[in-house]
Amino acid sequence: MSTATYTVKGMTCGHCVSSVKEEVSEVAGVANVEVDLATGLLTVDSDGPVDAAEIIAAVEEAGYEVANQS
């Protein structure tokens, strides 16, 4: 199991959180997605390494921006 965290900018409500979770969940290999609205923290658990560019693209598809990755 692999875990990566990202900071997402622009989320303001529960619908924002749902949109990000839905898009990121569709990325191949992603097993679990947690989003914290208050901190903007996106935590992605996967079975193996997932390309960060795919996660960032999914966040952007939901209409938000990744500020940084750790």
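Helices (H or I, at least four residues) and strands (E, at least two) are DSSP runs, numbered from the N terminus. The model is predicted, so local features need pLDDT of at least 70 and side-chain atom pairs count only at pLDDT 80 or more, while totals for chains, interfaces and linings use all residues. Residues are numbered from 1 along each chain as its sequence is written, and side-chain values use heavy atoms, with hydrogens and water left out.

**Exercise 1. Find the loop that holds Pro49, and decide whether this residue is buried or exposed.**

Step 1. Pro49 is found in the loop between β3 and α2.

Step 2. With a relative accessibility of 84%, Pro49 counts as exposed.

Step 3. Although Pro49 and Thr3 are 46 residues apart in sequence, their C-alpha atoms are 8.6 Å apart in space.

**Exercise 2. Work out the order of the strands in the open sheet, and state which of them are the edge strands.**

Step 1. Two strands pair if DSSP finds at least two bridges between them. The open sheet has 4 strands in the order β2-β3-β1-β4, and the pairing is antiparallel.

Step 2. β2 and β4 are the edge strands, since each of them pairs on one side only.

Step 3. On average, neighbouring strands of this sheet are turned by 30 degrees against each other, direction ignored. For such angles, axes are lines fitted to C-alpha atoms, for helices over the stretch in contact, and angles between N-to-C directions run from 0 to 180 degrees.

Step 4. The antiparallel pair of β2 and β3 has 6 bridges, and here Val33 stands opposite Val44 in β3, while Glu34 has Thr43 in β3 as its bridge partner. In the hairpin of β2 and β3, where 4 residues lie between the strands, Gly40 takes a positive phi near 75 degrees.

Step 5. β1 and β3 also pair in the antiparallel sense, over 6 bridges, and the bridge partner of Tyr6 in β3 is Leu42. Of the 6 residues of β3, 5 are buried, so this strand is largely enclosed by the rest of the structure.

**Exercise 3. Explain why the buried residues of helix α2 lie on the same side of the helix, and name elements that cover them.**

Step 1. Helix α2 spans residues 52-61, and its residues Ala52, Ile55, Ala58 and Val59 are buried. Because these residues cover an arc of only 125 degrees around the axis, they are on the same side of α2; the arc is that of the directions from the helix axis to the C-beta atoms.

Step 2. Their cover includes β1 (2-9), α1 (14-25), β2 (30-36), β3 (41-46) and β4 (65-69). Contact, here and below, means heavy atoms within 4.5 Å.

Step 3. In relation to the strands, α2 lies across β1, β2, β3 and β4, and runs at about 150 degrees to β4.

Step 4. At the N-terminal end, Asp51 caps α2 through a side-chain oxygen that lies 3.1 Å from the backbone nitrogen of Ala53. Just after α2, Gly63 takes a positive phi of about 100 degrees.

**Exercise 4. Identify the salt bridge that Lys9 forms, and describe which parts the pair ties together.**

Step 1. A salt bridge is a side-chain nitrogen of Lys or Arg within 4 Å of a carboxyl oxygen of Asp or Glu. A search of the whole structure finds 1 salt bridge.

Step 2. Lys9 forms a salt bridge with Glu65, and the closest N and O atoms are 3.7 Å apart. Since Lys9 lies in strand β1 and Glu65 in strand β4, the pair ties together parts that are 56 residues apart in sequence.

Step 3. Lys9 counts as partly exposed at 43% relative accessibility, and Glu65 is partly exposed with a relative accessible area of 42%.

**Exercise 5. Describe where Gly29 lies, and list its contacts beyond its neighbours within four places in sequence.**

Step 1. Gly29 lies in the loop between α1 and β2, and it counts as partly exposed at 39% relative accessibility.

Step 2. When neighbours within four places in sequence are left aside, Gly29 is in contact with Ser46, Asp47 and Val50.

Methods
Buried means under 20% relative accessible area, exposed over 50%, partly exposed in between (1.4 Å probe, protein chains only). A polar contact is a pair of N or O atoms within 3.5 Å; within protein, one must be able to donate a hydrogen and the other to accept it, and residues adjacent in sequence count only if both atoms are side-chain atoms.
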